[in-house]
Amino acid sequence: MKQAIGVDIGGGSIRVSLFDEEGKELKSNHTKTPEHLDNQSFLEILKESIRPLTPGAIGIGVGSPGPLNNETGVLLTSANMVGLQNVPIKQTLERAFSLPVYYENDANCAALGEAYFGSYKEYESQLILTLGTGVGGGFVNRGALYTGYLGNGIEIGHTTSVIGGALCGCGAKGCVESYFSTRGFLNRYFEKTQTKLPNAEAFFDLVRKEDPISKEILEFGTLALAHAVRGAIHLLNPEVVVFVGGITNSYDLFGKHLESEIRSNIFSVLNERLKLGKGRNLSGTLGACSLVFAKKKV
Ligand SMILES: [Zn+2]
């Protein structure tokens with residue numbers, strides 16, 4: 001059975017795993033990265049964390065937060081690793097290991113991993129939304145990831161749901177992730193109460209305790225997300241819409257409302273066949289690794 005490597009570059013660490021074609025993890029390692037790094041020292045750490053897993057691998061898939069250029073395989077900048085700029089990831093790894101290297105942003109990797117190894121893998125056309133710190137998206141059609149020009153497409157989190165609405169991290173106003181994401185929930189809660197919540201779990205704990213302010217924020221956020229998804233369904237006409245990411249741990253608190261709002265606002269012809277639901281929340285390394293297997297299939 002074929003084997004491939006998945007690399008997940010996050011803020012503060014690099015995770016590398018070797019998987020077989022069925023998505024079984026065979027080996028893995030986890031390296032912490034220092035806060036202040038230049039390109040050269042980052043690439044050295046990256047190579048050394050991948051090297052022990054290369055025997056037997058047919059390729060390397062790499063995922064990281066953007067912005068990046070997936071054609072040239074360059075990480076342009078990183079919000080979490082400020083010393084890095086225009087890092088030639090693909091070229092460096094191809095030279096070091098003589099293996100094909102594929103590089104995409106982490107939301108696209110998560111989407112492809114879910115499409116290949118997740119709950120709805122038998123369906124051909126999938127829109128996958130990652131609900132976490134922000135809202136990421138990916139679209140997989142007949143096994144191929146649609147990335148858009150240079151790989152930064154399907155940024156559904158930064159589509160507008162409220163004209164002139166709340167300020168988003170991207171600098172624009174009214175993006176859907178200002179209303180439905182960890183950052184969005186905490187910021188909206190702070191606006192109404194002047195109380196800083198530490199994380200999404202704290203927010204959802206309040207919802208479970210029937211706190212009216214958090215319930216109202218979740219209710220409005222769910223509508224904002226539902227209408228962003230409606231727009232995406234009408235643009236892309238996927239067979240399946242899958243929700244993944246940390247926030248889906250609380251899917252019982254908003255899933256029904258989200259699904260019914262989507263279903264009651266899309267064309268009825270689309271409704272008949274569309275599937276909506278929660279995905280499997282696979283690891284970032286498996287998502288990155290699926291880039292290798294996917295390229296072989298297209
Ligand atoms: Zn935005």
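This is a predicted model: local features need pLDDT of at least 70, side-chain atom pairs count only at pLDDT 80 or more; totals for chains, interfaces and linings use all residues.
Colleague: How many bridges join strand E2 to strand E3?

Modeller: Seven bridges join E2 (residues 13–20) to E3 (residues 25–32), and the two strands run antiparallel. Strands pair if DSSP finds at least two bridges between them. Helices (H or I, at least four residues) and strands (E, at least two) are DSSP runs, numbered from the N terminus.

Colleague: Which residue in E3 does Phe 19 stand opposite?

Modeller: Phe 19 faces Glu 25 of E3.

Colleague: Which strands make up the open sheet, and in what order?

Modeller: The sheet has five strands in the order E3-E2-E1-E4-E8, with mixed pairing. E3 and strand E8 (101–105) stand at its edges with a single partner strand each, so one side of each is left without a neighbour in the sheet. From one strand to the next, the twist averages 15°. Angles run from 0 to 180 degrees between N-to-C directions, and axes are lines fitted to C-alpha atoms, for helices over the stretch in contact.

Colleague: Do E4 and E8 run parallel or antiparallel?

Modeller: Strand E4 (residues 57–64) and E8 run parallel, joined by five bridges. Within this pair, Gly 61 stands opposite Tyr 102 in E8.

Colleague: Which strands does helix H1 touch?

Modeller: Helix H1 (residues 39–50) packs on the sheet and touches strand E1 (3–10), E2, E3 and E4. Its direction makes about 30° with that of E2. Residues are in contact if their C-beta atoms, placed from the backbone, lie within 7 Å.

Colleague: Where does H3 lie?

Modeller: Helix H3 (residues 106–117) lies across E4 and E8, running at about 110° to E8.

Colleague: A change of topic: at what angle do the axes of H5 and H6 cross?

Modeller: The axes of helix H5 (residues 200–208) and helix H6 (residues 212–236) cross at roughly 110° and come within 8 Å. Phe 203, Leu 206 and Val 207 of H5 make the contact with Ser 214, Lys 215 and Leu 218 of H6.

Colleague: And how many helices and strands does the protein chain have?

Modeller: Its secondary structure comes to nine helices and 13 strands. The C-alpha atoms of the protein chain fill a box of roughly 55 × 45 × 35 Å, taken along the principal axes.

Technical notes:
Residues are numbered from 1 along each chain as its sequence is written. Two residues are in contact if their C-beta atoms, placed from the backbone, lie within 7 Å.
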